[in-house]
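Visitor: Please show me the structure and walk me through it.

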Amino acid sequence: MNWLEQALQSEYETVAVLAQNKVRLPHRDLGQDLLKIELAADKAIYQRLMPMHHPNLAQIFDIFEQDGKLIVLEEFIDGTSVADLLTAGLFNEEGAKKSCAALCDGLYALHLSGIIHRDIKPENVMIENGGRVVLIDYEAARIFKCGRSKDTCILGTAGHAAPEQFGITQTDERSDVYSLGILL
């Protein structure tokens, strides 16, 4: 067992494995639930996200590198995804307006930091029981780079992603606005 695993075990206890790369970890001392996410992603994105504290963005608490993978400790959002609300027929026009406004606020903060989310879809928007709307899942995110003609990696969910995400040009803030329009 390495130092990271020992540190995580001393402060956290695993409650649930949510996906192959995501584990829910309540912090014993803080009473805060976090997600431990293992991924092969750009560390620079998560370094930009860590100091950001925005009510409509999942908070990144810490990042580590282990065995060639990035380990991210992210805020666990206890709520329901917009996808589940849509499936259950529980999402109305007023809820859509409030959610869209909240997402615009969160995206504005991301875009000011040069981050393009690139995966805005119903599964990545959570609504907590108290009504807070939170954008989650930064795995497809990238940092905008002036002067580039295309993204280096083609990512996005078909039906939600802007056309440029499939290799036409570089994604920018407009790509997220396009996906938000599809979501709305």
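Visitor: What share of the 184 residues in the chain is buried?
Guide: This is a predicted model, in which local features need pLDDT of at least 70, side-chain atom pairs count only at pLDDT 80 or more, and totals for chains, interfaces and linings use all residues. Residues are numbered from 1 along each chain as its sequence is written, and side-chain values use heavy atoms, with hydrogens and water left out. Buried means under 20% relative accessible area, exposed over 50%, and partly exposed in between (1.4 Å probe, protein chains only). Of the 184 residues, the buried share is 46%.

Visitor: How many helices and strands does the chain have?
Guide: Both are DSSP runs, numbered from the N terminus: helices are H or I with at least four residues, strands are E with at least two. The count for the chain is five helices and 10 strands.

Visitor: What part of the contacts with a separation of 6 or more joins residues 24 or more positions apart?
Guide: Contact means heavy atoms within 4.5 Å. Among contacts in the chain with a separation of 6 or more, the part from residues 24 or more positions apart is 54%.

Visitor: What is the accessible surface of the chain?
Guide: Areas come from the Shrake-Rupley method with a 1.4 Å probe; for residues, only the protein chains shown count as cover. Carbon and sulfur atoms hold 52% of the surface. The total is about 9,800 Å².

Visitor: How are α4 and α5 oriented, roughly parallel or roughly antiparallel?
Guide: Helix α4 spans residues 93-112 and helix α5 residues 173-183; they pack at about 165° with axes 11 Å apart. Axes are lines fitted to C-alpha atoms, for helices over the stretch in contact, and angles run from 0 to 180 degrees between N-to-C directions. Under 35 degrees counts as roughly parallel, over 145 as roughly antiparallel, 65 to 115 as roughly perpendicular and the rest as oblique. The angle therefore makes α4 and α5 roughly antiparallel.

Visitor: Which classes of residue form the contact of α4 with α5?
Guide: From α4 come Cys100, Leu103, Cys104, Leu107 and His111; from α5 come Glu173, Asp176, Leu180 and Leu183. Ala, Val, Leu, Ile, Met, Phe, Trp, Tyr, Cys and Pro count as nonpolar, Asp, Glu, Lys and Arg as charged, and the others, Gly among them, as polar. The tally is six nonpolar, one polar and two charged residues.

Visitor: Is isoleucine 127 buried or exposed?
Guide: Isoleucine 127 lies in strand β8, residues 125-128. Beyond four places in sequence, isoleucine 127 touches Gly79, Thr80, Val82, Leu85, Phe91, Ser99, Arg132 and Val133. Its relative accessibility is 14%, so isoleucine 127 counts as buried.

Visitor: How far apart are the C-alpha atoms of isoleucine 127 and leucine 85?
Guide: Along the chain, 42 residues separate isoleucine 127 and leucine 85.

Visitor: What is the phi of arginine 118?
Guide: Most residues other than glycine have a negative phi. Arginine 118 lies in the loop between β7 and β8, and counts as buried at 4% relative accessibility. Its phi is positive, near 70°.

Visitor: Is aspartate 67 buried or exposed?
Guide: Aspartate 67 also has a positive phi, about 50°, although it is not a glycine. Its place is the loop between β4 (60-66) and β5 (69-75). With a relative accessible area of 74%, aspartate 67 is exposed.

Visitor: Which residues does leucine 86 touch, not counting those up to four places away in sequence?
Guide: Leucine 86 lies in helix α3, residues 82-87. Its relative accessible area is 46%, so leucine 86 is partly exposed. Leucine 86 and proline 122 are 36 residues apart in sequence and 8.3 Å apart in space, C-alpha to C-alpha. The residues touched are Phe91 and Pro122.
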